[in-house]
Every structure is written in structure tokens, then in C-alpha cells.
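Here's a quick tour of one model, taken a piece at a time. Have the structure open as you read.

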Amino acid sequence: MKIWVDADACPGVIKDILFRAAERTKVNMTLVANHSMRIPPSSYVTFVHVTQGFDVADNEIVQRLSAGDLVITGDIPLASEVIDKGAHALNPRGELYTTDNIKARLSMRDLMETLRDNGVNTGGPAPLSQADRQAFANQLDSFLTKYAK
């Protein structure tokens with residue numbers, strides 16, 4: 001099992017939680033992004049720099065992941081592809097995407113995109129709260145306890 005991080009939009013506080021978890025559990029983690037970023041010195045954390053472009057990082061993750069891996073992403077279409085490949089997807093607010101909830105999340109995303117395309121101001125996501133960080137850390141810990149070997 002490996003952790004893949006859609007790192008372009010992943011909040012720094014979430015990356016910090018992930019860095020500590022990778023070291024603690026000795027699970028390999030790869031951050032994928034289209035811009036350079038610093039990662040801590042670790043034999044468990046690597047970085048893949050991809051070219052700029054629409055969904056380039058997402059496509060790289062989907063191409064490299066294996067069934068059973070965990071992908072950290074807030075990108076619902078990416079999460080859907082991850083689940084289709086037999087892997088797991090967790091968003092930075094602690095929601096684990098599953099075969100039971102991903103279709104509803106895709107439908108809501110598409111609805112909101114249609115509303116925005118028609119000029120409706122739907123607002124954006126709320127800032128990441130302490131409760132969100134805690135929910136993410138708890139869900140990650142639970143997942144790693146169950147699947148990391």
C-alpha cells in the first residue's frame with residue numbers, strides 16, 4: 001500500500017500530517033504536483049514533478065497507483081477514477097470517498113459547476129478548520145491502522 005498526494009491543492013497543514021504519518025507507519029508516500037515543493041528528508045516521502053496542464057498530475061497518479069493504494073485529493077473526478085481502479089480516496093477534510101458516495105459527490109459537483117457556468121455565485125469552500133484537520137488525521141489514522149502492513 002502506498003499513499004499518493006494530489007499535492008497542487010493539498011493544504012500545507014494536511015501535508016504536514018501526512019509527512020508525520022508516513023514516518024510513523026513507514027508507508028511510502030509520493031506527492032505529485034506541477035510546481036516544485038519542498039518535502040522533508042525521508043526515505044518514505046518522494047516527489048514527482050509533472051508538467052503544467054489540465055489534469056496532468058491527476059493522470060500521473062491514476063497511471064501509477066495500484067489497487068489498495070490511498071490517494072489524498074479534493075478532486076472528485078480523480079477520486080472516482082481512483083475508486084474505479086480499486087484504490088481508496090480521502091479528501092483533506094477527512095471524507096473517505098467510497099463506491100457508495102462517489103456518484104452523489106460527482107452529481108453535486110456537476111450541478112454546482114452548471115450553476116457557476118450560468119452565473120450563479122455558489123461561493124467557495126469554507127476555510128479548512130481545526131475540526132477538518134482533526135477529522136482528516138483521525139480518518140487517515142484509522143485507514144492506516146486497517147490497511148498499512
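## The pocket

Helix 2 and helix 4 (102-117) both put at least two residues into the lining of the largest pocket. Helix 4 is the top contributor, giving five residues to that lining. Keep in mind that this is a predicted model.

How many residues line the largest pocket? The count is 30, and Gly74, Asp75, Ile76, Tyr97 and Pro125 are the ones nearest the centre. The pocket's volume comes out at about 820 Å³.

Six of them make an open sheet with mixed pairing, in the order 3-2-1-4-5-6. Strand 3 and strand 6 (96-97) sit at the edges with a single partner strand each, so one side of each has no neighbour in the sheet.

Strand 1 runs parallel to strand 2, joined to it by four bridges, and also runs parallel to strand 4, this time with three bridges. Trp4 is a handy residue to look at here: its bridge partner in strand 2 is Thr30, while in strand 4 it stands opposite Val71.

## Strand 2, well wrapped

Is strand 2 enclosed or open? Five of its five residues are buried, so strand 2 is largely enclosed by the rest of the structure. Met29, Leu31 and Ala33 point one way from the strand, Thr30 and Val32 point the other way, and all are buried.

## Helix 2 over the strands

Helix 2 lies across strand 1, strand 2, strand 3 and strand 4, and it runs at about 170 degrees to strand 1. The buried residues of helix 2 are Ala57, Asp58, Glu60, Ile61 and Val62. What covers them includes strand 1 (3-6), strand 2 (29-33), strand 3 (45-49) and strand 4 (70-72), along with helix 3 (76-84).

## A closer look at Asp58

Asp58 belongs to helix 2, which spans residues 56-64. Why does Asp58 count as buried? Its relative accessible area is 9%, and buried means under 20%.

So what does Asp58 touch? Setting aside neighbours within four places in sequence, Asp58 is in contact with Asp6, Asp75 and Leu78. Asp75 ties this back to the pocket, as one of the lining residues that lie nearest its centre.

Definitions and conventions:
Residues numbered from 1 in each chain as written. Predicted model: local features only at pLDDT ≥ 70, side-chain atom pairs only at ≥ 80, totals over all residues. Heavy atoms only, no water. Buried < 20%, exposed > 50% of the residue type's maximum accessible area, 1.4 Å probe, protein only. Contact = heavy atoms within 4.5 Å. 1 Å grid on protein atoms, 1.4 Å probe; cavity = no way out; pocket = protein on both sides within 12 Å on 5 of 7 lines; lining within 4 Å. Points joined across faces, edges and corners; volume = space filled by probe spheres on them. Pairing = 2+ DSSP bridges. Axes fitted to C-alpha atoms, helices over the stretch in contact; angles between N-to-C directions.
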